[in-house]
Amino acid sequence: MSPRAVDQFTGRAAELGVRVTPVKTSGELSETVAAIAAERSWCAWTDPLVDPIRPKGARAAPAQADVSIVRADVGIAETGTVGLVHGAGRPRAVALLPPTQIVLLESSQVVDSVGEALGRFFSVEGTVPSNLVFVTGPSRTADIELRQLTGVHSPKEIDVVILNVVERDDVEHD
Amino acid sequence: MPSPDSLRTWADPRRLAERARAAVGDETLQRNLNYAAEHERGERRAMEARLDWPAMREQARAIRADAVENLDELLDRLEDRVTALGGHVYRAATGGAAARYVADVCAARNAGSVVKGKSMTTEEIELNAELERRGIEVTESDLGEYIVQQRHDHPSHIRAPAIHLNARQVAELFTQLGGKPLPADSPEALLAFARRALREKFLQADVGVTGANFAVADTGTLIVVESEGNIRMATSLPRCHVVVMGIEKVVRDWRGAAHLVQVLPLAAHGQRLTPNVSFITGPARYGDDGPSELHLVLLDNGRRAVARSAYAEALNCIRCGACLAACPVYRQVGGHTYGSSYSGPIGAVITPLLAEDPDAAALADLSSLCGACREACPVDIPLDDQLVMLRRDYRAGSLARGRKGGAKTTERAIFEAWSRLWSHPSGYRATAATGGRALFRLFRSAPGPAGTRAGDAGGVRWIDRAPPPLSHWTANRDLRAQAKEPFHRRWRRSRGGQR
C-alpha cells in the first residue's frame, strides 16, 4: 500500500517484461488504456474501473479479440504479480484468450508478499473465490530445445495500469 | 510380485546399463542436458545468494513433514471441505482404480475429448491408455508433453518432457501433423503451430484433467502452478475438471501453501513464482463461468505404506526437479534410462517403493552417492541415505551384471579380506605402501593430461587401466597412484617434527 511497495512492484514487473504505467485520475486511466489498446479489437470485464473506458477499436468476442481489459484484486510487490478473481462479469475466456492483456489495479491493492496476498482471500470464511489466478509476467515455455519463448496460451503481452489512490496524509486541507 | 495396478516401470529395470550407455552416446540429449544443468545451476546459485535459503528450506521441510505425519487427519479435512463446496472426492487405493474412476466420469458425461495438463501422477496410473481403451480422445496440452505424446514417446524429465529432442525433430513432427512444412530454425513458428492446434482442443474438450501441486486441507483449495497457461485453459474452458493428486501433496493450511508455492519455482530454477498459479476452491461459484463439476481423485498407490516406513521423508517431495538438476548421473543418462514416470534421485527412490518390484531397486545403482541431491532438495529429503538403504533392503545387484540378488561372492570376499587386513595397524602398514607401489608397477599408468591435475607437483601419476576385476573400476575412474613415501612412514621418521 506504500509508494515503496508500488515501486518494488513496478521494478519486479519490469524484469518480467511487464510495463507498469501509473496514473493519477480515473480519466487519465481511461485515456491510457485506450491508447494502449489503440485500434485493436478488444473485450473486457465488467467493473467500475473498466466500464468508462472507450477504446477506439471494435468490441469482439474473446476468441477473436486482440486485447483484453481486466481488473486485478491484488498486486504483489515482491514478485510483480497481479491477482485475478473470476466471478460475475469476469469471464475466464476474456482473461485467457486474447494475446495482449491490460490489467487495471489500484495502488492501495498492492501488498508486499505472496503470504499477505493470499491472506486477503483465505483468512476470512466465505470470501474464498472459486478461482483465483496469480499472473506473474507473460506465459513462457522452454520445451523446444530449451529456447525461452513467450506467449504460449495465456497472454504474451501484459500491461498494468495503476491508479494511484491518494493517501490520507497527502490530502491538502483548505 | 508387482500388482497389475501399481506403478509400472515402462522399461525393464534389468537393462539399465544398456539404456544408460545409449543415453551417453546420444548427442542431442547430452547437449540439452548439459545446457539445462548449467542454466539451472546458475539460477539456483543466484537465488540462494539473495535469499535466506536455509531458513526457507527448513520451513518447507517442516510444512511437508507435518502433512506426511498427519496424512489421515488432513485428508479427511480436505475431503470434507471439497465435498461441502460441491466437489466430488474419490479415494483411489491403486493406480488402476484411479484411472478407471476418471474414465467413468468421462463416460458418464459422454465425453468424446479430454484435454490434459502435465501431471506425473496421471503418467503413473497410465491414465491415457485407460481413456483410449474406452474410446476417449486425450490430448496432452503442456507443449513438451504434447510433442512427446504425438511422437508416441515417453517424457524424459519432470519439467522439460521433450528435453531429449531437438528443434528439427519437433519441426518434422509438426510438419507431419499439420500437413504444411514448418522450419526447424524458427521456434516461434513451431510454437504458433502448437498454440493453434491446442487452442482447438481446449475449446472442444468436454473434460479437463490435471494434477495438483498442493491441496489445502483447511480451505479445500487445489493449487496448480504452470508457465504456459495450458492449465488455466484446461481448468476453465471444459465444463468438467478432474484432478488426480498423490495423497502426500496435502498441506495443512493456506500459510503453508503460500510458502511452498514459492519454494517450488525457487528450487526448480530460481524463479519467484511461475507465470500462472491457479487457486481452485470448489466448482465455479459466485458467477464464475468455469467448470460446474469438479472431481478430486486422491491417489494412494502405495504412498500410505511409504508414510509408515523408514522412507517416509521421500513423501516430502514437491516435484521441483532440483535433485535431477544436481545429479551428475542424471546429467549423463537423462530420464528415459530410469524407465519410470519418476526419474532422477527421487525417481530412483520412490519407483521401487511404489512399484513393489525388487527389480526396480536396480535404480538405486544409478548413483555415485555424492549427496548433491540431498543438498539441492528444498524439503531436505535424505535421498543419498535412502538410496543406500534401498541397496541394502533390496540387495540390488551390481549395475554391470544387471542381476538382482546379494552382492556377488567375489566382491564380498574381496571387501572382507581387505577390511580384515586393514583393521590392524601392522596389516595396514605392510600393504598400504607395498601394495600401492605394486599396483602402480603392474598396471598401465600415465601422467594426468595437462591442466586436469592442477596443483600436482613432481609428476603425480594415475592408474587409468587395470585388468579384470579391477577393470570395472578403472573403466570409468582413475586411481591416483601411491605417494613415494606413505604418510605414516614419513610421520614415524620425523616423529611429527619432534626429535
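The points below concern the interface in this predicted model.

1. Extent. Chain B brings 63 residues to the contact and chain A brings 49 residues, and the area buried between chain B and chain A comes to about 4600 Å², with 58% of that area given by carbon and sulfur atoms. Within the area that chain B buries against chain A, B:Arg232, B:Trp254 and B:Phe279 supply 16%, more than any other three residues.

2. Polar and charged links. Between chain B and chain A the count is 2 salt bridges; a salt bridge joins A:Glu15 to B:Arg272, with the closest N and O atoms 3.4 Å apart. Polar contact across the interface of chain B and chain A is found for 24 residue pairs, both residues being at pLDDT 80 or more.

3. Elements on the chain B side. Several elements of chain B give two or more residues to the side that touches chain A, among them helix H2 (27-50), helix H9 (167-178), helix H12 (254-269) and strand E9 (276-281). The most comes from H10(B), which gives 8 residues to this side. Sorted by class, the side of chain B that touches chain A holds 29 nonpolar, 21 polar and 13 charged residues.

4. Strand pairing between chains. Which strand of chain A pairs with E9(B), and in what sense? Strand E8 (residues 131-135) of chain A pairs with E9(B) in the antiparallel sense, over 5 bridges.

Note on methods. Residues numbered from 1 in each chain as written. Chains lettered and ligands numbered in written order. Predicted model: local features only at pLDDT ≥ 70, side-chain atom pairs only at ≥ 80, totals over all residues. Heavy atoms only, no water. Contact = heavy atoms within 4.5 Å. Buried area = accessible area lost by both parts, 1.4 Å probe. Salt bridge = Lys/Arg side-chain N within 4 Å of Asp/Glu carboxyl O. Polar contact = N/O pair within 3.5 Å; in protein donor to acceptor, adjacent residues only side chain to side chain. Helix = DSSP H or I, 4+ residues; strand = E, 2+ residues; numbered from the N terminus. Nonpolar A, V, L, I, M, F, W, Y, C, P; charged D, E, K, R; others polar. Pairing = 2+ DSSP bridges.
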